[in-house]
Number of protein chains: 2
Amino acid sequence: MNVLIVHAHPEPQSFTNALKDAAVAELTAAGHEVVVSDLYAMNFNPVASAADFGSRGSEDYLNYALEQRHNVKANSLAPDIAAELAKIKAADLVLLSFPLYWFSMPAILKGWIDRVFVSGIVYGGRRIYDQGGLSGKRAMVIATTGGRDHMLSAGGIHGDLTETLKPVLQGTLGYAGMTVLAPFYGYHVPYISQEAREAVLDDFRTQLRDIEKRETLVMPSLANFDAEMKPL
Amino acid sequence: MNVLIVHAHPEPQSFTNALKDAAVAELTAAGHEVVVSDLYAMNFNPVASAADFGSRGSEDYLNYALEQRHNVKANSLAPDIAAELAKIKAADLVLLSFPLYWFSMPAILKGWIDRVFVSGIVYGGRRIYDQGGLSGKRAMVIATTGGRDHMLSAGGIHGDLTETLKPVLQGTLGYAGMTVLAPFYGYHVPYISQEAREAVLDDFRTQLRDIEKRETLVMPSLANFDAEMKPL
């Protein structure tokens, strides 16, 4: 299996980074090929703009998605976008590794999605969800939080974290056609003991060994919607 | 009323920009003071990093939230963060104006939140939701989408958009203590006629005139949770 890990944490000594390193070690030991995009280390530019396009379908007006499609056809996407797309195309499994910032991804990772998940390859028209451009690939979120488990569960003060992460789990990974595995969360990590951190790492390694059997999230199916995307 | 509009669209001719301009005109005509942070025009840096801090509580390890608190006390936040914080402090109403990118904000706006909503001022410890640092201020999201209304409603293929936007509506604006007004959505805007766009703009202006009476979203209250944030 080819694995791409997209990692976004500004501190190399972070627990989030330790989880990413554990994933690299465990998946490599299991015989998989692992590639890491460490966005902070790469100084990745997260801002979608006209500079992403080597040619333009319309010079006068920037419709970002239309220019993505034009530049896919013209093979003229910015080199950093093309490089990340090549990694995605080669991957059977994509892991997103990040600390929860405001109940979603840090901006540097959100911008990786904005710029790299291009219309014309990743999705387009009715090519979404089970018809999405990345169908056949799997994806998994690995996120760390300051909050405790009970604060991020159904009935808790913030509500269920997997529900809250719908924009990335369903709206991005599922939308692109990927099979979305149940996320792994490391809770309260800035505040727990070294011993507790080791226990979380051990649990994570054990779960990675069973990744083939990991629970998947249910996504919408185009078969249930008509040509105008209305429910059948 | 002092109004801050934080706007994030790469195309000045966009319909999203027309909505922002309509808000400026309408609110100014009603006697309010309006300030705009146009993040693309400002070339705003959305990447949270050690460079955001003029001094450090810990030189060896970057805990971003702890360094925010340290730099608030030391008055040594990066000048661009301090400038945006000053605008928020002066504002009675904050509008976020953006096109929906992957069912959330474009990265440049997500990074404005990541960097500017600092621990120690905007929130901290139990100072969240109705105890949040921005209590007394109001906030409203103005978002444009490519999708149609029925695709972004309960039972639709993508589900209810206001539910999907929970990370920003509840997890950010509500978490910070702001009273969150019902969002305004412009649907399907890249594909509708000029006449239809004018009708959306007219509807938006009319709704802004009644902003004092606008529906608000229900947020969690700290009064319903114990010292460990467990439900009472």
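## Exercises on helix packing and the A–B interface

The axes of helix H5 (residues 107–116) of chain A and H5(B) cross at roughly 175° and come within 8 Å. This is a predicted model, in which local features need pLDDT of at least 70, side-chain atom pairs count only at pLDDT 80 or more, and totals for chains, interfaces and linings use all residues. Residues are numbered from 1 along each chain as its sequence is written, and side-chain values use heavy atoms, with hydrogens and water left out.

**Exercise 1.** Describe how H5(A) and H5(B) are arranged and which residues make the contact.

*Solution.* 
- Step 1. Axes are lines fitted to C-alpha atoms, for helices over the stretch in contact, and angles run from 0 to 180 degrees between N-to-C directions.
- Step 2. Angles over 145 degrees count as roughly antiparallel and 65 to 115 as roughly perpendicular. H5(A) and H5(B) are therefore roughly antiparallel to each other.
- Step 3. With contact meaning heavy atoms within 4.5 Å, H5(A) contributes Ala107(A), Lys110(A), Gly111(A) and Asp114(A), and H5(B) contributes Ala107(B), Lys110(B), Gly111(B) and Asp114(B).
- Step 4. These residues divide into two nonpolar, two polar and four charged.

**Exercise 2.** Describe how H4(B) and H5(B) pack within chain B.

*Solution.* 
- Step 1. Helix H4 (residues 79–90) and helix H5 (residues 107–116) of chain B have axes 10 Å apart, at an angle of about 90°.
- Step 2. H4(B) and H5(B) are therefore roughly perpendicular to each other.
- Step 3. On H4(B), the residues are Asp80(B), Ile81(B), Glu84(B), Leu85(B) and Ile88(B); they meet Trp112(B), Arg115(B) and Val116(B) of H5(B).
- Step 4. Five of the residues in this contact are nonpolar, none is polar and three are charged.

**Exercise 3.** Characterise the interface of chain B and chain A.

*Solution.* 
- Step 1. In chain B, 56 residues are in contact with 56 residues of chain A.
- Step 2. The two chains bury about 4,400 Å² between them, 65% of it on carbon and sulfur atoms; buried area is the accessible area (1.4 Å probe) lost on being put together, summed over both.
- Step 3. Tyr61(B), Trp102(B) and Ile157(B) supply 19% of the area that chain B buries against chain A, more than any other three residues.

How values were computed
Chains lettered and ligands numbered in written order. Helix = DSSP H or I, 4+ residues; strand = E, 2+ residues; numbered from the N terminus. Parallel < 35°, antiparallel > 145°, perpendicular 65-115°, else oblique. Nonpolar A, V, L, I, M, F, W, Y, C, P; charged D, E, K, R; others polar.
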